[in-house]
Amino acid sequence: MAYGPDRKRPRRFKALSLSRLIPNVATLMGMCAGLTSIRFAMQDHWEAAVTAILIAGIIDGLDGRLARMLNASSRFGAELDSLSDFVCFGVAPALLMYFWSLHQLGPIGWALCLLFAVCMSLRLARFNTQMLGEPEMPTWAYRFFTGVPAPAAAALSMWPMVLSFQFGAYVFNSPFITAPYIVLIAVLMVSRMPTFSFKKVKVPRAWVLPLMLAFGASVAFLVSSPWLTLSVIAGVYFATFFFSFRSYRRMGVEQQQRQDEPEEEEDLGQPDDDPEDGLNRVHQN
């Protein structure tokens with residue numbers, strides 16, 4: 001077929017290697033796990049529903065690393081990952097809590113379900129835009145998240161359900177407990193509270209072996225008593241909010257002190273025009 005000077009050849013798409021598709025395939029698998037959890041919830045298979053969302057969280061933590069390892073990062077993959085996060089960690093946990101407990105409140109329960117999903121979408125949008133229009137943060141600030149990250153918020157939102165698996169649903173299933181709790185998690189997602197980014201935490205050499213032993217023990221307890229172990233992990237993560245806030249505040253104060261030191265040195269290096277006038281000012285203060 002001949003093409004004239006004014007006609008362009010159809011654009012040909014480059015073939016992609018299979019390795020560059022692996023991260024996107026993993027993201028789709030995580031999305032399918034999140035959607036499957038909704039199906040389990042509709043059938044009252046609560047333990048399977050929670051497990052499916054936890055699997056989606058594990059996959060979400062791996063697909064980004066796979067993309068970097070295989071040099072397969074792309075704008076398409078980033079958008080797909082964001083959509084998967086909204087489904088798995090925004091829609092699925094909200095529906096689980098609605099089917100399990102919040103439906104007892106009628107329209108109010110559904111409104112709280114929508115609130116959680118909306119806050120998740122706002123958090124993901126804020127994260128994806130990288131906080132446009134705000135000043136550049138110092139290096140140490142990248143050790144923290146702003147608010148509770150999406151996978152952690154999804155896991156925390158199901159904490160009453162996980163506790164009910166271990167201790168019974170007589171108390172934890174009450175909508176008067178789950179309703180304010182789901183609002184708390186939704187607010188923490190979009191809040192400005194600093195939370196630790198464990199991916200960038202540096203472990204001292206002396207703590208490497210104890211940390212590995214603690215991790216091995218956690219896996220053993222997770223296999224033998226999964227719901228109790230997950231409940232303890234959630235409680236420990238809640239406790240880290242206090243320490244992350246203190247650490248963030250301390251680093252901010254230290255940075256401010258370092259910025260103020262040169263100004264104080266400059267002031268000390270400039271003599272008074274009139275020594276007697278300077279002495280008078282000291283006595284007046």
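Helices, of at least four residues, and strands, of at least two, are runs assigned by DSSP and numbered from the N terminus. In the predicted model described here, the protein contains 11 helices and 2 strands. Read from the N terminus on, these elements follow the order α-α-α-α-β-α-α-α-α-β-α-α-α. The protein has 285 residues, of which 33% are buried. Among contacts with a separation of 6 or more, 83% are between residues 24 or more positions apart.

Helix α2 covers residues 46-69. This helix has 24 residues, and the distance from its first C-alpha to its last is 35 Å, close to the 34 Å expected at 1.5 Å a residue. The buried residues in α2 are Trp 46, Ala 49, Val 50, Ala 52, Ile 53, Ala 56, Ile 59, Asp 60, Asp 63 and Ala 67. Just after α2, Asn 71 adopts a positive phi of about 55°.

Helix α2 also packs against helix α6, which covers residues 159-167; the axes of the two helices come within 11 Å and cross at roughly 135°. An angle over 145 degrees would count as roughly antiparallel and one of 65 to 115 as roughly perpendicular; α2 and α6 are therefore oblique to each other. Their crossing is left-handed. On the α2 side the contact is made by Trp 46, Glu 47 and Val 50, and on the α6 side by Met 161, Val 162 and Phe 165. Sorted by class, this contact of α2 with α6 comprises 5 nonpolar residues, no polar residues and 1 charged residue. Two of the α2 residues in this contact, Trp 46 and Val 50, are also listed among the buried residues of that helix.

Leu 230 and Val 162 lie 68 residues apart in sequence, yet their C-alpha atoms are 7.5 Å apart in space. When neighbours within four places in sequence are left aside, Leu 230 is in contact with Leu 54, Val 162 and Leu 222. The relative accessible area of Leu 230 is 22%. Since buried means under 20% and exposed means over 50%, Leu 230 is therefore classed as partly exposed.

Helix α4 comprises residues 107-128, and its 22 residues should span 32 Å at 1.5 Å a residue; the end C-alpha atoms are 31 Å apart, which agrees with that expectation. Buried residues of α4 are Gly 109, Leu 112, Cys 113, Phe 116, Ala 117, Cys 119, Met 120, Arg 123, Leu 124 and Arg 126. The elements that cover these residues include α3 (75-100), β1 (144-146), α5 (150-157) and α8 (175-190).

The axes of α4 and α5 come within 11 Å and cross at roughly 165°. Because angles over 145 degrees count as roughly antiparallel, α4 and α5 are assigned to that class. The crossing of α4 and α5 is right-handed. Phe 116, Met 120, Arg 123 and Leu 124 of α4 make the contact with Ala 150, Ala 153 and Ser 157 of α5. By class, the contact of α4 with α5 has 5 nonpolar residues, 1 polar residue and 1 charged residue.

How values were computed:
Residues are numbered from 1 along each chain as its sequence is written. This is a predicted model: local features need pLDDT of at least 70, side-chain atom pairs count only at pLDDT 80 or more; totals for chains, interfaces and linings use all residues. Side-chain values use heavy atoms; hydrogens and water are left out. Axes are lines fitted to C-alpha atoms, for helices over the stretch in contact, and angles run from 0 to 180 degrees between N-to-C directions. Angles under 35 degrees count as roughly parallel, over 145 as roughly antiparallel, 65 to 115 as roughly perpendicular and the rest as oblique. A crossing is left-handed if the near helix is turned anticlockwise from the far one by less than a right angle, and right-handed if clockwise. Contact means heavy atoms within 4.5 Å. Ala, Val, Leu, Ile, Met, Phe, Trp, Tyr, Cys and Pro count as nonpolar, Asp, Glu, Lys and Arg as charged, and the others, Gly among them, as polar. The expected span of a helix is 1.5 Å times one less than its number of residues. Buried means under 20% relative accessible area, exposed over 50%, partly exposed in between (1.4 Å probe, protein chains only).
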